[in-house]
Amino acid sequence: MADGLLRNASIFVAACVCGVASGLFGIGGGALLVPFLALFFAFGQHRAQGTSLIALIPPTGLLAFLAYDRAGYASWKFGLLLIPGVFVGGVLGGWLAKRLQPRRMRQVFAGAMFVLGMWQAAAAWWR
Amino acid sequence: MTLIVLLLGLAVGVLVGLLGIGGGVVLVPAMVYLLRMDQHLAQGTSLLILLPPVGLGALREYWKQGQVDLRAGILCALGMLVGGYAGGLIAVPLASRHLKGLFGCFLILTAFLLWRKPQPQNPLANSVGEETARG
């Protein structure tokens, strides 16, 4: 069981790293957690995604959110408007994931993120 | 305007279910560019959106297929709770411009990680879905 313990400890540490990114960038952390689980812990793609979703059920961003809200960095109006859509869309996406080959989707998504990332970094520092 | 915001939420949600991600990676740039929010405000609002279990419906679909590692999920949740607080403390005092640039770099890094095809060295990692993904 020592092997299992080591594995659990490493998963916890990896999750802490995802958490720092989550708080720093205001994201859920799943975007980092899915590749971590798949690359370092040999999870299958679907299993990594399912496990990431369960990690995101409890309000893991609560402490980070409080830090932002205290500084006035949260828009309740838009936040509350976006929640129902994300929920309904999530059901749809989960249903689609069973039918599609997620690899292609992931690559399209990764490509879009790469372009978006370059754009954001350039817009912020290129002046 | 309200309709656009509702539709934006729906589009983000599809990605949440499809890719098993939190949605923040998409939400933050969407709010910055479409809703013209400041970087800090977008990030704080994204965290607010992710407080309720928005991925619950998506999770159900994965759960039915047995594609969930409950123990690893709980460990990850704990780790992210702790790490998230640290990250929040770092981000709040940063200048908006630097935060935006860093976010851009983070997106690029995540793009590389997502692009890489995970190689399951260990067939024990019970991957039912992997077989369909490989075909």
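**Figure 1. B:Q39, a buried residue of the predicted model.** At a relative accessibility of 4%, B:Q39 counts as buried (under 20% relative accessible area; exposed is over 50%, partly exposed in between; 1.4 Å probe, protein chains only). B:Q39 belongs to helix 3 of chain B; helices (H or I, at least four residues) and strands (E, at least two) are DSSP runs numbered from the N terminus. The side chain of B:Q39 is in polar contact with the side chain of A:Q120, at 3.4 Å. A polar contact is a pair of N or O atoms within 3.5 Å; within protein, one must be able to donate a hydrogen and the other to accept it, and residues adjacent in sequence count only if both atoms are side-chain atoms. Leaving aside neighbours within four places in sequence, the residues in contact with B:Q39 are A:Q120, B:V28, B:V32, B:S96, B:L99, B:K100 and B:F103 (contact: heavy atoms within 4.5 Å). This is a predicted model: local features need pLDDT of at least 70, side-chain atom pairs count only at pLDDT 80 or more, and totals for chains, interfaces and linings use all residues; side-chain values use heavy atoms, with hydrogens and water left out. Residues are numbered from 1 along each chain as its sequence is written, and chains are lettered from A and ligands numbered from 1 in the order in which they are written.

**Figure 2. Helix 2 of chain B and its residue B:A30.** Ten of the ten residues of helix 2 (residues 24–33) of chain B are buried, so this helix is largely enclosed by the rest of the structure. Among them are B:G24, B:P29, B:M31 and B:Y33. B:A30 has a relative accessible area of 11% and is buried. Not counting residues up to four places away in sequence, B:A30 touches B:L8 and B:L35. B:S96 is 66 residues from B:A30 along the chain, and their C-alpha atoms are separated by 16 Å.

**Figure 3. The interface of chain B and chain A.** Chain B gives 109 residues to the contact and chain A gives 101. About 9800 Å² is buried between the two chains, and carbon and sulfur atoms give 76% of that area. Buried area is the accessible area (1.4 Å probe) that two parts lose on being put together, summed over both. In chain B, the residues that lose the most area to chain A are B:L18, B:M80 and B:L114, together 8% of what that side buries. Across the interface, 15 residue pairs are in polar contact (both at pLDDT 80 or more). Helix 5 of chain B provides the largest share of the side that touches chain A, 20 residues. By class, that side of chain B has 67 nonpolar, 34 polar and eight charged residues; Ala, Val, Leu, Ile, Met, Phe, Trp, Tyr, Cys and Pro count as nonpolar, Asp, Glu, Lys and Arg as charged, and the others, Gly among them, as polar.

**Figure 4. A:A42, a loop residue of chain A.** A:A42 lies between helix 2 (30–40) and helix 3 (45–55) of chain A. Phi of A:A42 is near 55 degrees, a positive value in a residue other than glycine. Most residues other than glycine have a negative phi. A:A42 counts as buried, at 7% relative accessibility. Chain A has six helices and zero strands, and buried residues make up 56% of its 127 residues.
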